[in-house]
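Student: I have a model open and would like to talk through some of its packing with you. Can we go residue by residue and helix by helix?

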Amino acid sequence: MAAYGRCGCLLHASRLFTDIRSKTVSSWNTLIGAHAQNGEASIAIELFIQMASDCRLKPDWFSIGSLLVACGNLKHLLHCKATHGFILRNGLERDSFIRVSLLSAYIQCGTESLARVLFDDEAEGNDEVSWNTMIAGYSQNGLPGESLHLFRKMQSMAGTSRWPSLISATSALMACSQLSAVRLGKEMHCFARKSGLCQDSFLSSSMIDMYSKCGFVNDARAFFDRLEAKGCC
């Protein structure tokens with residue numbers, strides 16, 4: 001069933017699921033996840049409701065994660081809030097996977113303010129993935145200033161597990177491009193070079209894009225030429 005789901009063969013997966021006599025949380029999770037990951041978010045939500053109400057099975061972290069993926073894809077804020085309530089009632093809010101899934105769902109729904117409240121409420125419990133999710137979410141949703149603010153805050157945590165990574169650095173570069181903030185972009189360039197991140201093709205493309213959108217085409221070309229010549233920035 002999982003293999004059919006990964007291949008996008010949802011009809012075959014559903015038929016196999018129907019043939020299972022004693023359905024477990026794991027089998028429900030497989031079917032819910034398959035639909036959530038293959039663009040059938042509405043069906044994933046219906047399956048989750050059926051599992052939790054009709055079958056009296058208790059959803060686990062994987063069930064909730066798949067449900068939140070579906071809610072985010074549909075941009076269905078009401079379902080996101082209902083799932084959040086379920087998480088709180090069942091004491092699951094400290095699970096890192098569920099927290100990141102909830103942050104991502106709120107951001108996809110365009111409610112960065114709700115995501116930020118959740119993020120700030122558990123400041124000590126936020127891991128690198130939570131920080132990356134918020135920084136990327138702000139950048140992708142047209143709030144580059146907030147993205148850079150969080151990135152700088154993350155930079156101030158030198159020596160911790162929350163030090164900026166490739167994902168957060170790339171998101172910050174996207175924010176610089178949106179703001180046409182070449183000075184900040186050059187600071188990002190220095191950070192990427194010192195952190196050894198320039199070898200990544202996606203970050204390098206973001207760097208070229210940043211210089212170009214800020215009107216510094218010669219700097220973009222110089223960066224490109226250095227990569228071509230020496231493989232470094």
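Student: Is Phe151 buried or exposed?

Tutor: Phe151 is buried, and its relative accessible area in this predicted model is 2%, which falls under the 20% that sets the limit for a buried residue.

Student: And Phe191, buried or exposed?

Tutor: Phe191 also counts as buried, since its relative accessibility is 8%. The two rings form an edge-to-face pair, because their centres are 5.6 Å apart and their planes stand at 90 degrees.

Student: Where do Phe151 and Phe191 sit in the chain?

Tutor: Phe151 belongs to helix α10, residues 144–155, while Phe191 belongs to helix α12, so that the pair links distant parts of the chain, 40 residues apart.

Student: How many aromatic pairs are there?

Tutor: The count comes to 6 aromatic pairs. One of them is formed by Phe48 and Phe86, which is edge-to-face, with 6.3 Å from centre to centre and 85 degrees between the planes.

Student: Which parts does the pair of Phe48 and Phe86 tie together?

Tutor: Phe48 lies in helix α4, residues 41–54, and Phe86 in helix α6, residues 77–89, so the pair ties together parts that are 38 residues apart in sequence. Phe48 is buried at 8% relative accessibility, and Phe86 is buried with a relative accessible area of 19%, a value that still counts because the limit is under 20%.

Student: Which residues form an aromatic cluster?

Tutor: Trp61, Phe62 and Phe97 form one aromatic cluster.

Student: OK, switching to helix packing. What angle do α12 and α13 cross at?

Tutor: The axes of α12, residues 182–194, and α13, residues 201–213, cross at roughly 155 degrees and come within 10 Å. The two helices are therefore roughly antiparallel to each other, given that angles over 145 degrees are classed that way. The crossing of α12 past α13 is left-handed.

Student: Which residues make that contact?

Tutor: On the α12 side the contact is made by Val182, Gly185, Lys186, Met188, His189 and Ala192, and on the α13 side by Leu203, Met207, Met210 and Tyr211. Sorted by class, the contact of α12 with α13 has 7 nonpolar residues, 2 polar ones and 1 charged one.

Student: What about α7 and α9, parallel or antiparallel?

Tutor: Helix α7, residues 96–108, packs with α9 at an angle of about 5 degrees, their axes being 9 Å apart, and that makes α7 roughly parallel to α9. From α7 the contact uses Val100, Leu103, Ser104 and Ile107, and from α9 it uses Val129, Ser130, Thr133, Met134 and Gly137. By class, this contact of α7 with α9 has 5 nonpolar and 4 polar residues, with no charged residues.

Student: Where is Gln140, then?

Tutor: Gln140 is in helix α9, which covers residues 128–140. Gln140 is exposed, with a relative accessible area of 57%, and the limit for that class is over 50%. Between Gln140 and Cys190 there are 23 Å in space, C-alpha to C-alpha, and the two are 50 residues apart in sequence.

Student: Last one: what does Ser66 touch?

Tutor: Leaving aside residues up to four places away in sequence, Ser66 touches Ile32, Gly33 and Ala36. Ser66 is placed in helix α5, residues 61–74, and is buried, with a relative accessible area of 5%.

Key:
Residues are numbered from 1 along each chain as its sequence is written. This is a predicted model: local features need pLDDT of at least 70, side-chain atom pairs count only at pLDDT 80 or more; totals for chains, interfaces and linings use all residues. Side-chain values use heavy atoms; hydrogens and water are left out. Helices (H or I, at least four residues) and strands (E, at least two) are DSSP runs, numbered from the N terminus. Buried means under 20% relative accessible area, exposed over 50%, partly exposed in between (1.4 Å probe, protein chains only). Axes are lines fitted to C-alpha atoms, for helices over the stretch in contact, and angles run from 0 to 180 degrees between N-to-C directions. Angles under 35 degrees count as roughly parallel, over 145 as roughly antiparallel, 65 to 115 as roughly perpendicular and the rest as oblique. A crossing is left-handed if the near helix is turned anticlockwise from the far one by less than a right angle, and right-handed if clockwise. Contact means heavy atoms within 4.5 Å. Ala, Val, Leu, Ile, Met, Phe, Trp, Tyr, Cys and Pro count as nonpolar, Asp, Glu, Lys and Arg as charged, and the others, Gly among them, as polar. Rings of Phe, Tyr and Trp (its six-membered ring) pair if their centres lie within 6.5 Å; planes under 30 degrees apart count as stacked, over 60 as edge-to-face and the rest as tilted.
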